[in-house]
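Hi,

Here's the model I promised to pass on. Have a look, and then read on for my notes.

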Amino acid sequence: MTCVNVNVTAPPTVVKPAARGIVILTASVAALGGLLFGYDTSVISGAMLFLQTDFHLSDTQLEFAVGIALAGALVGSAFAGYSTDRWGRRFVLLGTGIGFAVFSVLSGMSVGLVSFSVARFFVGACIGVASLVTPLYLSEMSPATIRGALVSLNQLAITVGIGVAYFVDYSLAAHGSWRWMFMTAVFPAIVLVAGMILLPESPRWLARKGFRDRALAGFQRLGRGSGAETELREIERALLEGKEGFLSLFRPGLRMAVFVGVALAIFQQITGINTIIYYSPEILRLSGYPSAKAAILAAAVIGVVNILTTVASIVLVDWLGRRFLLLMSTAGMAITLGLIGWSFSRHAAGVIVFYEMIGYIVFFGIGLGPVVWLLMAEIYPTKIRGQAMSLATLSVWGANGLVAGTFLSLIHAFGPAGTFSIFAAVCVLAFFFSLKFVPETKGRTLEAIERNWHDIEKRTS
Ligand code: BGC
């Protein structure tokens, strides 16, 4: 098996300890984009039944009301790359925060299926944009040595958002206040807007647009000190190479980066994460779990484990590297999914399936969850990062829709044992794919990573 190595010429700049606080604060505010992504994808589960009753929806209409945000996310992620390359990372995140605030309130105030669907479509578009721009902005702001941890704050925020949505749904369900389930998102959205007004634009984007002085000042503000000039020169050198534009994504060399990003995005979804995130109470009930209430509680435990293992990944990713975590993760997910399938085929007790699901989430949270978004934000050249990420993010949302939309039919056709065995086999594929194609990017500057693809191009041409 061959593994792609990254070659470096300039050492990564070191951030002054005093400025680390500013970098972490910047990352935490921007990560609110991830929190809103997690919150708004999950909040609908608790509101579904109320919507159906209040708006007198048929099952098909309800499915439409639930799925419309996904359509918005597809559209949002398709346009996000172009917009962020053109207008800047900060401006687009700021606009997304405003969008989240406005359309979350409108979703809560809707009076029927049409107004609800329109509002949720735009919330979905904001989710699509945030899912792309948040990791991208974080990767461009972060110093190479801690970039893994800072970009993975995005995934931590997604998992926290999912957890908060469950909690809010649970607390408001008793009073039937489904409108507030949606409107609660306005609070983190306002903080995101306020934060993005104060935070600086990505120095890499500024350099690309020719605002050299502002880019340098930005790096200095982010604590790069005397290393700022070196970092900026390295970026400028990289910007001189290669072409802009969507078609340049398909040149030899870059083609490979695009292929790796898109494949990882698809693998992240078709290895079944959202069957567990969206359907865990149903899966546990299928395995003979004692009661619906116990199954919902078990789902909450799964959510907490997802958060905790993402924290572990943040601690480990700049130390053990992306490849190691990815390989461990896909191998562990294959084993635990295989065990879930086996338990179903043996009619094992529901509690055993629960522990196996926990095992699966541990392996997802440590690797495939955070590392895929991280790699997507760091393997593409600055010139085309937005557009390349659009392609990968679109793949995430497309594959997400495919899995969520077919899971129940798969269970119907192959039974739970067969379905989870299929997901296990896909994890095996993801393992070998990562082993062969995924580069180690730990500790490298984005420009050094970019040169890696140029080297491959030279070698292959
Ligand atoms: C995935 C989502 C998933 C979430 C769960 C994210 O990385 O993109 O589809 O719901 O992780 O934590």
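What follows is about the ligand and its surroundings.

It's a predicted model, so local features need pLDDT of at least 70 and side-chain atom pairs pLDDT 80 or more, while totals for chains, interfaces and linings use all residues. Numbering runs from 1 along each chain as its sequence is written, and side-chain values use heavy atoms, without hydrogens or water.

The shell around the ligand includes Gln 155, Thr 159, Gln 268, Asn 274 and Trp 373 (shell residues have a heavy atom within 4 Å of the ligand). By class that shell has 3 nonpolar, 8 polar and no charged residues (Gly counts as polar). Domain 1 (12-199) and domain 2 (241-461) each give at least three residues to the shell, with bounds from an automatic or database domain assignment.

Now the polar contacts (N or O pairs within 3.5 Å). Ligand oxygen atoms lie 2.7 Å from a side-chain N or O of Gln 155, 2.9 Å from one of Gln 268 and 2.6 Å from a polar side-chain atom of Asn 274. Alone, the ligand exposes 310 Å², and the protein buries 97% of that (Shrake-Rupley, 1.4 Å probe).

Cheers

Conventions:
A polar contact is a pair of N or O atoms within 3.5 Å; within protein, one must be able to donate a hydrogen and the other to accept it, and residues adjacent in sequence count only if both atoms are side-chain atoms.
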